[in-house]
Amino acid sequence: MGTSVQVTPLSGVYGENPLCYLVAIDGFNLLMDCGWNDLFDPSLLQPLSRVAKSIDAVLISHPDILHLGALPYARKHFGLSAPVYATEPVYRLGLLTMYDHYLSRRQISEFDMFTLDDIDAAFQNVIRLKYSQNYHLSENGEGIVIAPHVAGHLLGGTIWKITKDGEDVVYAVDFNHRKERHLNGTVLESFVRPAVLITDAYNALNNQVYKRQRDQEFIDAILRVLRADGTVLLPVDTAGRVLELILILEQYWAQQHLSFPIFFLTNVASSTVEYVKSFLEWMSDSIAKSFEHTRDNAFLLKYVTLIINKSDLENYAGVPKVVLTSMASLEVGFSHDIFVELATDAKNLVLFTERGQFGTLARMLQVDPPPKAVKVTMSKRVPLVGDELKAYEEEQEKIKKEEAVKKASIVKVEEVRAASSHLSESTKGDSMEIDPTSATASPKASSHFRGQMDILIDGFTPPSTSVAPMFPFFENTAEWDDFGEVINPDDYVIQEEDSNHMVGNGKSLDVKPDEASVHLLLDSTPSKVVSHELTVQVKCALLYMDFEGRSDGRSVKSIISHVAPLKLVLVHGSAEATEHLKMHCAKHVCPHVYAPQIEETIDVTSDLCAYKVQLSEKLMSNVLFRKMVENEISWMDSVAEKTNEKVLTLLPPPSAPPTHKSVLVGDLKLADFKQYLSTKGVQVEFAGGALKCGEHITVRKISDSSQKGGTGPQQIVIEGPLCEDYYKIRGHLYSQFYLL
């Protein structure tokens, strides 16, 4: 049998819940994404809690909460300790996304699911890879190669290709084939006939309008409100699709010289854009080329103002403006508070650019027709005063005293234990008199032996049951070289104590919250959260436009058909969309289509037999290799002998093998062949998709249409009379291949 592959969904099937799937390849457990939702509902993570300790590696595909939101919680509570693999933008923008969510929750509640230290700890063991980089796993994963590829959708978004023994498992969720302002389209179509394709049905029933039409409708809707003295609120994610929206607004404002202010408001807004400026090589070709030629960075923003405090908007009260702010769900964060302020004025517009998650305020407002009134909870953190402050201080003092007593008792117990241990281990030598003057050790000696000297002092009376005590001896095992004792330079480094330690232990993390966010964390003023319910009359306009950056249903079907996997697993999509895509693919793509339920394990092991082959020394001595680019190729006849379950040994045949037909190895492109013939003095031109060489000879290239993806053998046809030109052209054609 081939490589053993089992897929078990832990979340995100037959619905729009966070993405999290367990893929076992020959017993090596890979966790594909580790998402959570904006509500941070612990019940969604129950399946993950049961398998977290058995996971060997985690692969993250996108830097948003739906793909990586549960990493800190799973590491803290479930014992998830496996290494995490992601691209550089996914690592950095994902970290900022988690910071933003934590700070937004902290401002309005006693959030205790995880802390910033937990976030830092979860991201410290992230191994960052480049696109198309083959990374060979070690130890239990030996033989498995993982490689990230362009997915589109979000900056750094990844399609994961996992290879073992020549068989590919491709994990492709939330991809986008369209080229956008800041992102290239996916490369999923370049994969042909993988053993298993795991993809989503999220957009299987949706079809999109043309990009140019959508962008113009987006701008028109915003300008209509601004010119009527209204304000436009765009609830967005922290560092994902908001980047595309910022570029659209920035470019249009520059073209039309508009003066309406635009604000990007999150807890980490300035940090987000600073990091994005350094990720140009991960963006679209047009942005990279523009920077090469003009040194203009697309994210040096002139019209979009970055702010991290809602109070900065007070100077623009009553001024028509555009505000892009997190969170997209409207559950918490700046977007929640600004919505409450704007909702009662009919001049304003709340423009949604992505579907809200189930159970959130954003999803409730997107239903048709939208509600006329909604109940919201307004919360804020206020300092303690009066009796509350006094009670808090008394409680803290009581806790400190209890901790001090507890610490003192622990120290005392340890001292007694150490003394009794010392007496019990004393040697049985002769009695010795103790000189009181020897009780004082020099500071140098104390420092040299690093506090290990155990000096007996005058007045010590050993118990009658013990033998005569002796001074302990510790051998100095320090290493020496020609210059003296070998030291560790780290022992002499002065540790700087700054505010960075307050926002996480971050040994290798240089991503930090913005200044105001750090101030919030460092503020030790005793405070409490005050909440009250409020009914908001929704009079403002509500509009949804699809800027999610995912391929639509028609494109998804076309791409899957082109990839033509041997087996297909569908995840993440409504029940209706999943069943629709499942029926379509079973009819037009492949017969093996699966759509498992939560914690349902399906076996998608390939039906092919895979063996490792080793060439015997006797066979190798008789083989002649030819250089082909960076490789060497040869034709060989051999006899296979099975040495163990999965290894075949190739031996020379017992008798002389029959001669074989000549084999031409290579990939001929007619355009390149045309240039080559021109350099040889042959008059050549394209005519009807073929090369017309001279007056009588024609060269055609015919591919096997039965092979999907163009991977089949090519057939080159030379038409014309048997003349001198015919043999001359044929010779030139043979020179383009390697002959075996």
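Reader: Is lysine 277 buried, partly exposed or exposed?

Author: Buried means under 20% relative accessible area, exposed means over 50%, and partly exposed lies in between (1.4 Å probe, protein chains only). Lysine 277 has a relative accessible area of 22%, so this residue is partly exposed. One caution on the source: this is a predicted model, where local features need pLDDT of at least 70, side-chain atom pairs count only at pLDDT 80 or more, and totals for chains, interfaces and linings use all residues. Residues are numbered from 1 along each chain as its sequence is written, and side-chain values use heavy atoms, with hydrogens and water left out.

Reader: Which residue forms a salt bridge with lysine 277?

Author: Side chains of opposite charge can pair when their charged atoms come close. The cut-off for a salt bridge is a side-chain nitrogen of Lys or Arg within 4 Å of a carboxyl oxygen of Asp or Glu. Here the partner is glutamate 274, with the closest N and O atoms 3.1 Å apart. Glutamate 274 is at 49% relative accessibility, so it counts as partly exposed.

Reader: How many residues apart are glutamate 274 and lysine 277 in helix 8?

Author: An α-helix has 3.6 residues a turn, so residues three or four places apart point the same way. Glutamate 274 and lysine 277 are three residues apart in helix 8, which means about one helical turn separates them. Helices (H or I, at least four residues) and strands (E, at least two) are DSSP runs, numbered from the N terminus.

Reader: At what angle do the axes of helix 4 and helix 8 cross?

Author: Axes are lines fitted to C-alpha atoms, for helices over the stretch in contact, and angles run from 0 to 180 degrees between N-to-C directions. Helix 4 (residues 88-106) and helix 8 (residues 269-277) cross at roughly 175°, their axes coming within 10 Å. Angles under 35 degrees count as roughly parallel, over 145 as roughly antiparallel, 65 to 115 as roughly perpendicular and the rest as oblique. Helix 4 and helix 8 are therefore roughly antiparallel.

Reader: Which residues meet there?

Author: Contact means heavy atoms within 4.5 Å. Helix 4 brings Arg92, Leu93 and Leu96; helix 8 brings Ser271, Thr272, Tyr275 and Val276.

Reader: How many salt bridges does the structure hold?

Author: The count is 18. One of them joins the side chains of arginine 241 and glutamate 180 at 2.6 Å, N to O. That pair links distant parts of the chain, 61 residues apart. Arginine 241 and glutamate 180 are both buried. Glutamate 548 and arginine 550 form another, with closest N and O atoms 3.1 Å apart. Both of these residues are buried too. A network of salt bridges links Asp174, Arg355, Glu548 and Arg550.

Reader: Which strands does strand 13 join through bridges?

Author: Strands of a sheet pair through backbone hydrogen bonds, either parallel or antiparallel. Two strands pair if DSSP finds at least two bridges between them. Strand 13 (residues 262-265) runs parallel to strand 14 (residues 304-307), with four bridges. Four bridges also join strand 13 to strand 15 (residues 322-325), again parallel. Phenylalanine 264 has leucine 306 as its bridge partner in strand 14, and leucine 324 in strand 15.

Reader: Are the faces of strand 13 covered or uncovered?

Author: Both faces are covered. Ile262 and Phe264 are buried on one side, Phe263 and Leu265 on the other.
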